[in-house]
Amino acid sequence: MIAGNTFAIGDAQGDMEADPGEPFGLFSFDTRFLSRWVLTVDGERLGTLSRDDLTHFETRFVLVPGTASHYVDADVSVIRHRSVEDAFSEQLIVLNHAAEPADLTVRIGIGVDFADTSEIAQPRPRSVVVNPDPARGVLRLRYERERFVRETTVASSAPVEVDDTGMTFRIRVEPNGQWRTDLRVTMTIGGEGGRDLRESLQSHRHQVRREMREDLRDWREAAPRLIAERPAVTELYERCLADLAALRYVPLAYTGRIPVAGLPWAMALYGRDSLLTCLQTLPFTPELAPRTLRMLALLQGGQLDDEHEEEPGKILAELRYGEAAAFGEKPTALYYGAADTTPLFVVLLDEYERWSGDTVLVRQLRHPARMALDWIDEYANLTGDGYLRYQRRNDRHGTANQCWKDSTGAIVDRHGREPGFPRATCELQGYAYDAKRRGARLAREVWGDPAYADRLEREAAALKSRFDADFWLPDRGYYALALGPDGEPVDALTSNIGHLMWSGIVPDHRAGALADHLAGPDLFSGWGVRTYAAGQRPYNPVGSHLGAVWPSDNALAVAGLRRYGCDPQAARIADGMLAMACTLGGPVPEVIAGYPRAQTAYPVQLPVAGRPQSWSSGALLMLLGSLLGLAPCGENLLVNPALPEGFGRVELLDVPGRWGHADAYGRDRATDGRSRRSPLR
Amino acid sequence: MSSTVDEHLRRLGSGRRSDLPETTAGTVRLDARDGAQTEHWYLTIADQHIQVSRSVDDADLVVRAERQVFDRIAGGQLHLAAALLRNELTVRGDMRLLMMLRRVFPGPPDARHPRQAAAARGGRP
């Protein structure tokens, strides 16, 4: 269950117990507020008859005492109906199906370790003060370190015995009768005078107990309606919208809901994930973009700071609120170790305006956008050769690879050799090029600064031709993954060439070669484009960035292919991605293994892969948008479909934008030839 | 270079702050507790300028902390966001201004330009 950065993960019965391998429990603002929450009846655990996930924030379990082998004629059953919002609520209903009254002992075992989300594998021992208050039916658990305070309060509506490790109800339920209690778990982040920090913030005063259902309905109604000939595609679309709704949170410093990266390890603001999610979802849920832009502008770097890898103008990488961030054990109170977020900020600002026509926001964010553009040349041109590079300054906790392929060994050549630092990965140059071009458009059309626009355009053109000269590998027919510190190319074939097409830095005459690589057997697995092509020494189908397949990566590749008119390759990859997501069902995973589709016939999931993930759910929406060829064109919505064979017909109704609302229709070529059947609606 | 919050705010001057967005405007009051006493600074931010005065008037954002906490922030030794999370500093009102306040105070004194850091360390992986 998810409500922004508050989430609860438990077992099939709804019990939650801490585990070193997975973040089980109730979490909020990067702290575990329940590490034990176990229901028993007469000392016995319960078995599950059914579990119903009503919405992303609400689940109902129907349980009976005992295990599957002997519950068949149970006289008692328990309904456990829970929800998360700003608090966690659980309603327990005990039903007696017998002709005799039932005397039962119902117990909830309760414990809290207040672990930081960064230490789930091995939470440090903390001394937790436990304060049972049987008279009020309340159990308080509190952790303090200096002035840092986190507190969990559990309250019961029905009379209850409270002790240090839980709550006990000794109840009598009449024949065919029921008993009920409402348990409410409040999570407090200690602020001034023992009150919750959020109470004193304007941004949070209006948010308390907002109707979650209403919010979800508004969200769904504002998004376009998709009607596809293949019902699985419609289901997938609805699923992605619902997952995106779940993954929105209200930060401390801002009032609007913005995307967190995803479950279970990244329920926090990540600049890259949020920016890409917004870019992916502009035709569907454009409301995410202006809030994310404003929030990231507020948090934009203002000074030099090695520990947090901050520089003036830089856009945030990660923001956490837990103990590790508070005490500087991790630099995540405001961490800036990402080289791509800053250009992507400018890219999103421009793209959002092209869809929405919201020039007011572009004017308001002129200063942060200008600082971001200045950052590219002033703080990221690390060797003076004009390329955007990264090299961490925080040796202890900083991210070594500050690009989307951020695992430690991700940037290697065909033979597995790592270049030195600072590194210039190719997609960063694409983003920088795109940011300059888009900054130029905004300067010319909105900021009234044609001289600056001319300068940015000159710089972008120079970067494009220099990039082609330095990164192109003529013998291999693709662009190098990166340049090392002395300009030596890292010659691996990777999915990054898809990002280059998306950003537009690729000269037209190179597009065909890149498209054939992306849809060819070494990169394309049948489900999607691998991060790293097979046939090179470091290739590993289960290596996150050395062979596995990421939906977010694929969405950009498909958009890039369509940008250059490589429609068959785009359709081929999109078809594989849609098949992957429909076959797996449920939330779209962050990454799947890179095995050939023909070999496994089923998409192989990786244990590291979280789901739902904002940029994976967003990726599937972006793929649909790319297949339909949705693009703003002046004041109109341009629709230019190129659907995979067998896709059938599709309608996307009420696409929001500067045109108000517009509909998009598409059909694949095979369908074009058929006589028209009954309408979809 | 260590400095007290008092010295730092006095030195701010009235010149144009090109690092502040033109669109940022608001008032911030800093309440620095020192034993039984509390000192107040009042910052008015508008049009890329910051005006510092002493006042107990209400402000869009009120920031409270021990004086030594403000001194450490003014010396670049304590990160404003970490101080907030640690509850060493409390805020009331418009948090967006707290983010701008980060630019009023300096970063760590030993921080390096990334180009300088890259050149100093060579490029081995």
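Predicted model: local features only at pLDDT ≥ 70, side-chain atom pairs only at ≥ 80, totals over all residues.
**Domains of chain A**

I began with the domain assignment. It gives domain 1 (2–200) and domain 2 (212–301 + 313–673) of chain A. I then looked up the spacing. Taken over C-alpha atoms, the centres of domain 1 and domain 2 of chain A are 39 Å apart. Next came the contacts between them. I find 23 residues of domain 1 of chain A in contact with 23 residues of domain 2 of chain A. On the domain 1 side, β1 (2–3) and β2 (6–9) of chain A each supply at least two residues. By class, that side of domain 1 holds 9 nonpolar, 7 polar and 7 charged residues.

**Nonpolar core**

I turned to the largest nonpolar core, which has 251 residues. Which members touch the most others? They are A:Leu348, A:Leu349, A:Leu518, A:Ile573 and A:Leu623. Domain 1 and domain 2 of chain A each give at least three residues to this core.

**Helices α10 and α12**

I checked one helix pair. The axes of α10 (residues 426–445) and α12 (residues 496–503) of chain A come within 8 Å and cross at roughly 10 degrees. I therefore log α10(A) as roughly parallel to α12(A), since angles under 35 degrees count as such. From α10(A), the contact uses A:Cys426, A:Glu427, A:Gly430, A:Tyr431, A:Tyr433 and A:Asp434. From α12(A), A:Asn496, A:His499, A:Leu500 and A:Ser503 take part. The contact divides into 4 nonpolar, 4 polar and 2 charged residues.

**Chain A against chain B**

I moved on to the two chains. Here 44 residues of chain A are in contact with 35 residues of chain B. Which elements of chain A each supply at least two residues to its side? I list β14 (148–156), α1 (202–205), α6 (323–326) and α9 (366–378). The chain A side divides into 22 nonpolar, 12 polar and 10 charged residues.

**A:Glu323**

I ended with a single residue. A:Glu323 is found in helix α6 of chain A. Is A:Glu323 buried or exposed? I count it as buried, because 25 other C-beta atoms lie within 10 Å and the cut-off is 20 or more. Leaving out residues up to four places away in sequence, A:Glu323 touches A:Thr31, A:Asp116, A:Arg145 and A:Phe148. I also looked up A:Ala74, 249 residues from A:Glu323 along the chain. Their C-alpha atoms are separated by 45 Å.

Methods:
Residues numbered from 1 in each chain as written. Chains lettered and ligands numbered in written order. Contact = placed C-beta atoms within 7 Å. Helix = DSSP H or I, 4+ residues; strand = E, 2+ residues; numbered from the N terminus. Nonpolar A, V, L, I, M, F, W, Y, C, P; charged D, E, K, R; others polar. Axes fitted to C-alpha atoms, helices over the stretch in contact; angles between N-to-C directions. Parallel < 35°, antiparallel > 145°, perpendicular 65-115°, else oblique. Core = buried A, V, L, I, M, F, W, Y, C linked by C-beta atoms within 7 Å. Buried ≥ 20, exposed ≤ 12 C-beta atoms within 10 Å, placed from the backbone. Domains from an automatic or database assignment.
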